[in-house]
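Open your viewer and get ready to select residues by number. We will stop at a few side-chain contacts, one after another.

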Amino acid sequence: MTFLNSPLNVFKGIYSMILLIFSIVLIMGLIATSQTKLSSEAHPAAAYVLIWVAILWLTMVEGGQASIVGLAPVNPELYRESHPVAYKCAAITTKGDNLDRYLLGRQFMVVLVVFCVNISGGPIGGAELWGLPSWLQNIFLETGLAMILFTCNVGQLNTQVNATLCMLDYIDNYFGLFTLWVAMAIEFSGLLHASYLFQMIIAALAGKPIESKEEPRSALGHIFFYGRCLVSLGFLIGCFAVTLEALFAGKTTMWDGVPAWAAVLVFFLLMGVVGMLEGMQVAFFAVSKIQASERGDTYFSKKTCELLFRGEGYNMPGFMIGRQLCVVSCMFFIARVTSVDIAEGESNIFNVPDGLQELFNTGLLGALITTICASITWQLAASAFPIAFLSNPLTYVLLRLCLFLEATGLCGAAWVIAAVHKSIAGFQRDEVYIGTAEERAKGNMADDTAHVPVGPGHMAKLPGFAENAPRSLKKLLAKDPSVGQYITSQMDRMENGQT
């Protein structure tokens, strides 16, 4: 792990591991003393099971995405024998628009898992533990720092480190295949189909068609598709109605003393911040392969690009790590703001039956709102208008914040965990099995970027340039994918200082 080669980074890894272990001890202590939502309402055993199942599943949700998207351009026949389960995953995601469907369902899984972690391990109001100093409890419990460090280091970043370099080994198991099927099932259910309506609106505003790898739908297919879109939109409106009613009535887990209007303001503000962070990563990748002169001419677009691509380009991965901290932090706050909590003797929201109220109390409504309105929609907007995101002053401010958070080393533990996991699991880099991209090209097994959906209406977070190419070049790229591979290889050589 190159991160741990520097003495400073080794120090960051050590102190981050100490903070992480302390955070885990605090969270487990809260559950043992029934000072979390689930442990107090059900049983500590239920909270222990849910929080660890959720975190372990999150590792595959995050790592699986890195593997599946990263392997999309690679010919699956290269690893059909060596990694049969990874081949089964590729057979699903490379068919038609299934990669887009997987990414949509997976996004909901991430948000839902974070909400599950929150209700399992998040402290209830007035929680105190082992007589610890109040300032220490405020830092780790009240602000949610313990939950953030736990989720980011254990559930997300360490798996992304291994999955981006050892994609084949990471996804070659039935846990990964099962997670893929769950994401596909979530998308098929239609729960998130309101996202497709926003996708169409954004594409229309951009004046660019949404490209599909499938045949046009039949009349019955249109009815089934748009029917799910309308049902999903109805669910989304209902979720907003229940959440806003609970906020104005003071029936959420929001901190005591916060007025209703402030709670609503915080809710929308946090969703906006999450949306900006989600859109920024798409916009940054979209402009990473185009010339500097084409990245916008406004003051903030120039400042943002100068900072992002400065020096050896280390600020891009630095942003991704800091961004993860920011997004998870906001999601935990959103979960707290939107989780419905009916005190004993109070009436249910809209006087619904107790069974329906129990559904409201799960946090599922907040997860659905966050997925569609604070994540997917912003990613779609950024894919259509990347330069507009670069020109936003808030983009520059958030980039600075993310780089600062990464520099603190709070997520250094992720590299330590990743190194231990890699050693135990025996992961090897993908080049061991399928060679480098250049070697694959020489063997008539060149990567095919046509399997990676980029541009307006798509959420794949990989560098792309084709949507910015002249019309004649676009036609040539569509006719002969090797042209795109050649251009990409030449640009990579230029970036590495080769001629």
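Which residue forms a salt bridge with Glu278? Select Arg323: this is the partner of Glu278, and the closest N and O atoms are 2.9 Å apart. Here a salt bridge means a side-chain nitrogen of Lys or Arg within 4 Å of a carboxyl oxygen of Asp or Glu. Glu278 lies in helix α12 (residues 260-287) and Arg323 in helix α14 (residues 315-338), so the pair ties together parts that are 45 residues apart in sequence. Helices are DSSP runs (H or I, at least four residues), and strands are too (E, at least two), numbered from the N terminus. Both Glu278 and Arg323 are buried. For burial, the cut-offs are under 20% relative accessible area for buried, over 50% for exposed, and partly exposed in between (1.4 Å probe, protein chains only).

Before moving on, a word about what you are looking at. This is a predicted model, in which local features need pLDDT of at least 70 and side-chain atom pairs count only at pLDDT 80 or more, while totals for chains, interfaces and linings use all residues. Residues are numbered from 1 along each chain as its sequence is written, and side-chain values use heavy atoms, with hydrogens and water left out.

A search of the whole structure finds 6 salt bridges. Side chains of opposite charge can pair when their charged atoms come close.

Next, select Arg101 and Glu214, another salt bridge, with the closest N and O atoms 2.8 Å apart. This pair links distant parts of the chain: Arg101 is in helix α5 (residues 98-121), while Glu214 is in the loop between α10 (194-206) and α11 (219-248), 113 residues apart. Arg101 counts as partly exposed at 22% relative accessibility, and Glu214 is partly exposed at 34%.

Now go to Glu41 and Lys37, whose closest N and O atoms are 3.3 Å apart in their salt bridge. How many residues separate them in helix α2? They are 4 residues apart, about one turn of the helix (residues 37-41). Glu41 is exposed, with a relative accessible area of 57%, whereas Lys37 counts as buried at 14%.

**Aromatic rings**

Time to look at rings: a search of the whole structure finds 14 aromatic pairs. Rings of Phe, Tyr and Trp (its six-membered ring) pair if their centres lie within 6.5 Å; planes under 30 degrees apart count as stacked, over 60 as edge-to-face and the rest as tilted.

Select Phe22 and Phe140, an edge-to-face pair at 5.0 Å centre to centre, with 85° between the planes. Phe22 lies in helix α1 (residues 7-32) and Phe140 in helix α6 (residues 134-142), so this pair ties together parts 118 residues apart in sequence. Is Phe140 buried or exposed? Phe140 is buried, with a relative accessible area of 7%, and Phe22 is partly exposed at 27%.

**Charges over rings**

Our last stop begins with Tyr196, Phe225 and Tyr226, which form one aromatic cluster. A charge sits over a ring if NZ of Lys or CZ of Arg is within 6 Å of the ring centre and within 35 degrees of the ring normal. Finally, select Arg228 and Phe224: the charged end of Arg228 sits over the ring of Phe224, 3.9 Å from its centre.
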